[in-house]
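Please consult the sequence and the structure shown here while reading.

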Amino acid sequence: VIAKRELKNAIEALEPAALFNVIVFSSDVSYWLDGGVSDSKTASREEAKEFIDRLGAGGGTNIFGALRAAFDDPDVDTIYFLSDGEPSTGDVIDPGEIRERVRLWNEHRGGKIHTVSVGGTFDILDWLAEDSGGESVRFP
């Protein structure tokens with residue numbers, strides 16, 4: 001419930017001309033919009049929030065896969081990353097290795113990663129925000 005609320009708040013806070021997509025992850029990674037982004041006009045925001053409302057919890061926590069999917073888009077300059085767990089599935093589950101890979105992906109891009117930890121303290125999320133100049137927020 002907290003993660004959904006915070007994600008919807010982030011969408012509402014976007015600049016009017018911002019382009020965005022929502023990438024969700026558990027054991028797998030999927031997209032609100034396959035292969036694209038939407039502008040943040042009201043209709044698109046409402047559609048994204050409806051998509052978020054339909055999401056359910058389950059499976060593992062594929063942090064690496066979700067971040068790789070976000071960085072696959074060469075135009076991404078800001079990521080809002082919400083998680084309720086440590087990496088537990090995917091191609092890479094070691095938090096230190098994920099941190100290093102993301103640092104390399106972002107080295108010349110200079111994008112910011114803002115993170116939200118829900119239900120715990122997850123060092124990987126703090127590191128991602130710190131390394132990129134983003135903010136990290138925790139909800140108990």
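## An aromatic cluster

Phe64, Phe71 and Trp105 are linked into a cluster by ring pairs; rings of Phe, Tyr and Trp (its six-membered ring) pair if their centres lie within 6.5 Å, and planes under 30 degrees apart count as stacked, over 60 as edge-to-face and the rest as tilted. The model is predicted: local features need pLDDT of at least 70, side-chain atom pairs count only at pLDDT 80 or more, and totals for chains, interfaces and linings use all residues. Residues are numbered from 1 along each chain as its sequence is written, and side-chain values use heavy atoms, with hydrogens and water left out.

## Stacked and tilted pairs

The structure holds four aromatic pairs. Phenylalanine 25 and phenylalanine 81 are stacked, because their ring centres are 5.1 Å apart and their planes are at 20 degrees. Phenylalanine 81 counts as buried at 5% relative accessibility (buried means under 20% relative accessible area, exposed over 50%, partly exposed in between, with a 1.4 Å probe and protein chains only).

Phenylalanine 71 and tryptophan 105 form a tilted pair, with 5.7 Å from centre to centre and 45 degrees between the planes. Phenylalanine 71 is buried at 9% relative accessibility, whereas tryptophan 105 is partly exposed at 29%.

## A charge over a ring

The charged end of arginine 5 sits over the ring of phenylalanine 139, 5.7 Å from its centre. The criterion is that NZ of Lys or CZ of Arg is within 6 Å of the ring centre and within 35 degrees of the ring normal.
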